[in-house]
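Please keep the structure open while reading.

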Amino acid sequence: MGLAVGLYGAAFGAAATAAGLSVLQTCTLSLLMFTGASQFALVGVLGAGGAPVAAVASALLLGARNTLYGLRLAAPLEVRGIRRAVAAHGVIDETTAMALAAPNPQALRLAFTVTGVSLFTGWNLSTLAGALGSSLLGASAQVALDAVVPAAFLGLLWPRLRHSGTDRLVAGGGALIALALTPVVPPGLQIMLAAAAVGLGFGGRRR
Amino acid sequence: MIWAVVLAGSVGCYLLKYLGLAASPALLERPAVRRVVELVPAALLAALVVVQAFTDRQALVLDARAAGVAAAAVALLLRAPFLIVLLVAGGTAALVDALI
């Protein structure tokens, strides 16, 4: 997992600077936002010339799943006050997956902490490396990077597609809405509006 | 303006994380809330894949990125690890770009 996070972080650093962010802005995102998909969405919308509001909204819509993770982790983590404020920063895909795989609350807290600290360190270092290194990249490396970003999103999406037909339906709907709206709405907005595809996940169940 | 986006997005994402740890777990019991939050990533991630792979600003385009993403899908079908998927995507796109 470490190597993959390193490449993903470097890809983020390079993508962010390519989208027009400074190295400091790029690193600030990894330090303060620290949730990969939201960060990629934010710089993706900015890079596509999207409105600031659309960039923030896309990041928040993707970040909302961390709220769900927090709800699941709250009871076993049992953190209060300042420790809760610190722990909250680490509530992301990877730490939740590792924590929930632990057999008991003690192992869960350890898994959460170890995964959180090592990911935070690796993610920020690789972001810095990617942001600094992108200016050294040649044209063909830039082409490669342009494909790595959507491939990374596909990799994040894939487990959901494999396990759930409803997710496949919603994902297909989201992709269609985004493509159909691309020519007619300002860049970035089509990604937010694709969230409407969630409605497809309700129709079938109520019938 | 970029700084405002960076900071607003960061604060918002942190608050979303904190809200989960601080809110009543009873929220999770509400099926509609749970369902929406579980399904939103599928819709948004799929939208991000196609927008990053097949569009350029407001135009639909087919270029080396599409080949890279298609190769990534094949790698995922073959259950390749995340790192390999990214390398396959980048390598394929660079190769196709050099050929066309």
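1. Two residues are in contact if their C-beta atoms, placed from the backbone, lie within 7 Å. By that rule, 86 residues of chain A are in contact with 67 residues of chain B. Helix α4 (residues 52-77) of chain A gives the largest share of the side of chain A that touches chain B, namely 20 residues. That side divides into 60 nonpolar, 20 polar and six charged residues. Here Ala, Val, Leu, Ile, Met, Phe, Trp, Tyr, Cys and Pro count as nonpolar, Asp, Glu, Lys and Arg as charged, and the others, Gly among them, as polar.

2. This is a predicted model, in which local features need pLDDT of at least 70, side-chain atom pairs count only at pLDDT 80 or more, and totals for chains, interfaces and linings use all residues. Residues are numbered from 1 along each chain as its sequence is written, while chains are lettered from A and ligands numbered from 1 in the order in which they are written.

3. The predictor's confidence in each residue is its pLDDT, from 0 to 100. Chain A has a mean pLDDT of 89, with 97% of its residues at 70 or more. Within chain A, helix α2 (residues 23-33) has the highest confidence, at 97, and helix α11 (residues 200-206) the lowest, at a mean of 69.

4. Chain A has 11 helices and zero strands. Both are DSSP runs numbered from the N terminus: helices are H or I with at least four residues, strands E with at least two.

5. The C-alpha trace of chain A spans about 55 × 50 × 30 Å along its principal axes.

6. A residue is buried if 20 or more other C-beta atoms lie within 10 Å of its own, exposed if 12 or fewer, and partly exposed in between, with C-beta atoms placed from the backbone. Of the 207 residues of chain A, 53% count as buried.

7. A:Ala16 lies in helix α1 (residues 2-18) of chain A. A:Ala16 counts as buried because it has 30 C-beta neighbours inside 10 Å. Beyond its neighbours within four places in sequence, its contacts include A:Leu29 and A:Ala131.

8. A:Thr17 is also found in helix α1 of chain A. A:Thr17 has 22 C-beta neighbours inside 10 Å, so it counts as buried. A:Thr17 and A:Ser135 are 118 residues apart in sequence, yet their C-alpha atoms are 8.4 Å apart in space.
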